[in-house]
Amino acid sequence: MPAYHVDPQTAGSISGTIRYTGKRPVAKKIDMSEDPACVEAHQGKAFDESLIVSPKGGLANAFVYVKAGLEGKRFETASTPVVIDQKGCWFHPRVLGIQTGQTLQVVNSDPVTHNIHPMAEINREWNHSQGAGDSPLARRFIKPEVMIRVKCNIHSWMHAYIGVVDNPYFAVSKGDGSFSILNLPPGNYTVGFWQEGLGTQEQQVTVAPHANAIANVTFKGQ
């Protein structure tokens with residue numbers, strides 16, 4: 001099947017803000033004492049990042065993607081790798097999206113050895129140790145899977161999540177909860193929203209020619 005190319009004269013977009021309501025999370029300190037280099041990287045002040053809410057209630061690190069509405073279209077795989085870095089004994093970014101077949105480049109910027117272990121259920125599960133100064137790793141995921149949990153088998157507090165989709169229409173919400181998905185062909189879509197501790201939501205969105213559709217959602221905490 002030939003790759004589908006979007007007409008720039010009619011392409012639209014989806015944007016919005018993801019908000020959090022409920023009790024504000026209390027910053028939970030992470031114990032990194034098992035590795036002095038990790039403690040030093042944070043000066044002993046590392047905090048859990050599983051729920052990040054801005055002062056105005058914006059929810060960061062939510063994965064947003066077009067879940068349905070693109071059937072019958074095949075999109076070219078992006079040639080630019082998606083990078084995940086092990087730095088300061090964290091995975092950066094914590095949440096990322098990637099197309100099927102696109103290269104995931106794994107980097108270790110720390111002076112210690114890490115182990116990246118994506119616990120895929122639909123794709124092939126793998127794990128690989130990466131020492132300080134080692135060359136980047138290159139891996140690919142062949143099938144869509146939302147989401148793949150990633151851990152480091154050496155440092156138990158290190159977590160990340162990878163959303164694998166078969167199209168280029170995905171985003172991760174910024175610190176203020178905002179997101180945007182650009183260059184969409186006009187149509188009716190199901191947009192999926194995921195947050196690691198708050199679950200999933202869906203919203204039906206219609207993108208008109210050369211227009212921006214708004215999709216705002218709210219996740220409720222305890």
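Reader: How many residues lie between β14 and β15 in their hairpin?

Author: A strand here is a DSSP run of E with at least two residues, a helix is a run of H or I with at least four, and both are numbered from the N terminus. Strand β14 covers residues 187–195, and strand β15 covers residues 199–207. In the hairpin that β14 and β15 form, the number of residues between them is three.

Reader: At which pLDDT do side-chain atom pairs count?

Author: Residues are numbered from 1 along each chain as its sequence is written, and side-chain values use heavy atoms, with hydrogens and water left out. The model is predicted, so totals for chains, interfaces and linings use all residues, local features need pLDDT of at least 70, and side-chain atom pairs count only at pLDDT 80 or more.

Reader: Over how many bridges do β14 and β15 pair?

Author: Two strands pair if DSSP finds at least two bridges between them. The pairing of β14 with β15 is antiparallel, and its bridges number nine.

Reader: Which residue of β14 stands opposite Phe63?

Author: Strand β2 (residues 63–68) pairs with β14 over five bridges, in the antiparallel sense. Strand β2 also pairs with β12, again antiparallel, over three bridges, and there Phe63 stands opposite Val172. In β14 the residue opposite Phe63 is Trp194.

Reader: What is the order of the strands in the open sheet of four strands?

Author: Strands of a sheet pair through backbone hydrogen bonds, either parallel or antiparallel. In this sheet the pairing is antiparallel, and the order is β12-β2-β14-β15. The edges, which pair on one side only, are β12 (170–172) and β15.

Reader: Why is β14 described as largely enclosed by the rest of the structure?

Author: Buried means under 20% relative accessible area, exposed means over 50%, and partly exposed lies in between, using a 1.4 Å probe and protein chains only. Strand β14 is largely enclosed because the share of its nine residues that are buried is seven.

Reader: What is the average twist from one strand to the next in the sheet of five strands?

Author: This open sheet has mixed pairing and the order β5-β11-β10-β7-β8. Its edge strands, each pairing on one side only, are β5 (95–99) and β8 (128–130). Axes are lines fitted to C-alpha atoms, for helices over the stretch in contact, and angles run from 0 to 180 degrees between N-to-C directions. From one strand to the next, the twist averages 25°.

Reader: Which residue of β11 stands opposite Val150?

Author: Strands β10 and β11 pair in the antiparallel sense over five bridges. The β11 residue opposite Val150 is Ala160.

Reader: How far apart are the sulfur atoms of Cys38 and Cys89?

Author: A disulfide is counted when two cysteine sulfur atoms lie within 2.5 Å, and the count comes to one. The pair links distant parts of the chain, 51 residues apart: Cys38 is in helix α1 (residues 36–41), and Cys89 is in the loop between β3 (82–87) and β4 (90–92). Cys38 is buried at 0% relative accessible area, and Cys89 is buried at 2%. The distance between the sulfur atoms of Cys38 and Cys89 is 1.9 Å.

Reader: Which cysteine sulfur is nearest to that of Cys152?

Author: Cys152 counts as buried, with 3% relative accessibility. Cys152 is in no disulfide, and at 8.1 Å the nearest cysteine sulfur is that of Cys89.

Reader: Which strand gives the most to the lining of the largest pocket?

Author: On a 1 Å grid over the protein atoms alone, a pocket is an open set of points with protein on both sides within 12 Å along at least five of seven lines, and lining residues have an atom within 4 Å of a point. The largest pocket is lined by 19 residues, among them Val66 and Pro144. At least two lining residues come from each of β2, β10 (145–152) and β11 (159–165). With four residues, the strand that gives the most is β2.

Reader: What is the volume of the second largest pocket?

Author: Grid points are joined across faces, edges and corners, and a volume is the space filled by probe spheres set on the points. The lining of this pocket includes Tyr4, His5 and Phe170, and β13 (residues 178–184) gives the most to it, three residues. The largest pocket has about 270 Å³. For the second largest pocket, the volume is about 220 Å³.

Technical notes:
1 Å grid on protein atoms, 1.4 Å probe; cavity = no way out; pocket = protein on both sides within 12 Å on 5 of 7 lines; lining within 4 Å.
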